Amino acid sequence: MNPHADPAEARDFLAAHPDIEAIELLITDPGGVARGKLVAREELEGIYREGRYVAGSILGLDITGEDVEATGLVWSVGDADRRCWPIPGTLKRTPWTRRPCAQVLLTMHDLDGTPTYADPRHALARSIAALAPLTPVVAAEIEFYLLTRDTDGTLRPASGLLSGRRQARFDSYGLGKLDDMSPVFDDIYAAAKSMDLPLRTLMSEYAPGQFEITLLHRADALRAIDEAIVFKRLIRGVALRHGLIACFMAKPFEEQAGSGMHVHVSLQNDAGENVFGSDDPAGTPLLRHAIGGLQKTMAESMLIFAPNANSYRRFRRMSYAPVAPTWGINNRSVSLRIPAGGAASRHVEHRVSGADANPYLVAATVLAGVRVGLDGHSDPGPPITGNGYEATATATLPHDWHSAIRAADQSQFLRNALGAELMQAFIAIKQQECDKFNAKVSAADYEWYLEN
């Protein structure tokens, strides 16, 4: 029998949706890419009962889909199968597909039942358990662009679904932009409602074509991040139905703002009380210790928060992307922000990660950093007031891919937090990607060097 999900969930779902023809089986790899396969409805109940055997190398691919032998998941183990199990509560209809389909998230285990080391969801589960008896309360806030492709192939920010007007100006918090794009957002909210996804705040972000949606805070951090994974897929699917591209690159346009993924965290005790809660806007000593731990571990964790070459183009002064391990109260120029609000809502907003980062690994690393701070009673120092970009940081952050890979490779914290084998696989993947990326001859090469 499946120790992870009840086969009755599959039976009840199929009975309630007799038109469903196929189900997408999805697992998130270390790079944050959804991998998997499409199966017929007749197979679903058996997958809930017996699991699904899948090549473990599905978690050992780089961003281009090429095997990374150094992950230990490919030829050194004969490209062996592992067993994947459905994650309870994630079986949902996919309303954006033309064919009646559903999807379910999977998690991978070795054949002896132990969690497969390269599955990033297991790393988050360990970080949650390590904080016991405290319970993390987590929410994800993800920025993204909606893009359209001109007839010449040029990508540009989407605008004017109703008005037909192109918008090139900045319009942060602009309701007009939301109204003009309402056909796609109406469908996003309808799809989210049908999938029980708790989308909360929708806003127009700083740049043309850029938006942000915040998900509900949950005292079940695994569920909160599962929902972030499903949300990104939903956005892509609905956008495609409208002829648009949902872009989660950290920096899709040189001259426009980057897209971040902010993680909001507080901790509850057994009584359900927020241990960060205080009438003091700076929160309790526990909150400040947590911030101190996040500061202390931030530099060596940058490869998790900014995993790709493009990620580092986002970090620029006066850009709303943080550039140093700073903290502040009601201040968006720092990395670690305590938002304004009542005592019961007191929490830290981790603003470092790009929208291109793996949500499971980001949340796992953030919670592990919190634990370091609590265990060590870390002192974050005084909060930054005013312009955090003008402040002198107490430590520096890697601001290029090569430096981040080196820092992660030397990090005992990440090996403890995420698992030594997962980190070996993750670094191997990123090193292969870095080597391949650096071998590319770009348009800038010709522009700069062809005639000089």
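**Entry 1, the model.** I note at the start that I am working with a predicted model, and I keep the residue numbers that run from 1 along each chain.

I looked up how helix α3, residues 120-130, sits against helix α6, residues 221-241, and found that the two pack at an angle of about 150° with their axes 10 Å apart. Angles over 145 degrees count as roughly antiparallel, and therefore α3 is roughly antiparallel to α6. I recorded the crossing of this pair as right-handed. On the α3 side the meeting residues are R121, L124, A125 and I128, and on the α6 side they are A221, L222, I225 and D226. Sorted by class, this contact holds 6 nonpolar and 2 charged residues, with no polar ones.

I then followed α6 to helix α9, which spans 359-376, and saw that the axes of α6 and α9 come within 9 Å and cross at roughly 150°. That angle makes α6 roughly antiparallel to α9, and the crossing is right-handed. Here I225, D226 and I229 of α6 meet P359, Y360 and A363 of α9. The residues of this contact divide into 5 nonpolar, no polar and 1 charged. I wrote beside this that I225 and D226 of α6 are listed both in the contact with α3 and in the contact with α9.

For helix α10, residues 401-409, and helix α12, residues 420-439, I found axes that come within 10 Å and cross at roughly 160°. This makes α10 roughly antiparallel to α12, while the crossing in which α10 passes α12 is left-handed. From α10 the contact takes W401, H402, I405, A408 and D409, and from α12 it takes M423, I427, K430, Q431, E433, C434, F437 and N438. By class I have 7 nonpolar, 3 polar and 3 charged residues for this contact.

Which residues have the most contacts inside the largest nonpolar core? They are L146 and L418, in a core of 93 residues, and α6 gives the most to this core, with 12 residues. I keep in mind that in soluble globular proteins nonpolar side chains tend to be buried together. Leaving aside neighbours within four places in sequence, I found L418 in contact with A123, R126, I304, L361, A364, T365 and M423.

Because its relative accessibility is 48%, N330 counts as partly exposed.

H377, likewise a residue other than glycine, has a positive phi near 50° and lies in the loop between α9 and α10. Is H377 buried or exposed? Its relative accessible area is 56%, so H377 is exposed.

Technical notes. This is a predicted model: local features need pLDDT of at least 70, side-chain atom pairs count only at pLDDT 80 or more; totals for chains, interfaces and linings use all residues. Side-chain values use heavy atoms; hydrogens and water are left out. Axes are lines fitted to C-alpha atoms, for helices over the stretch in contact, and angles run from 0 to 180 degrees between N-to-C directions. Helices (H or I, at least four residues) and strands (E, at least two) are DSSP runs, numbered from the N terminus. Angles under 35 degrees count as roughly parallel, over 145 as roughly antiparallel, 65 to 115 as roughly perpendicular and the rest as oblique. A crossing is left-handed if the near helix is turned anticlockwise from the far one by less than a right angle, and right-handed if clockwise. Contact means heavy atoms within 4.5 Å. Ala, Val, Leu, Ile, Met, Phe, Trp, Tyr, Cys and Pro count as nonpolar, Asp, Glu, Lys and Arg as charged, and the others, Gly among them, as polar. A nonpolar core is a set of buried Ala, Val, Leu, Ile, Met, Phe, Trp, Tyr and Cys residues joined through side-chain atoms within 4.5 Å. Buried means under 20% relative accessible area, exposed over 50%, partly exposed in between (1.4 Å probe, protein chains only).
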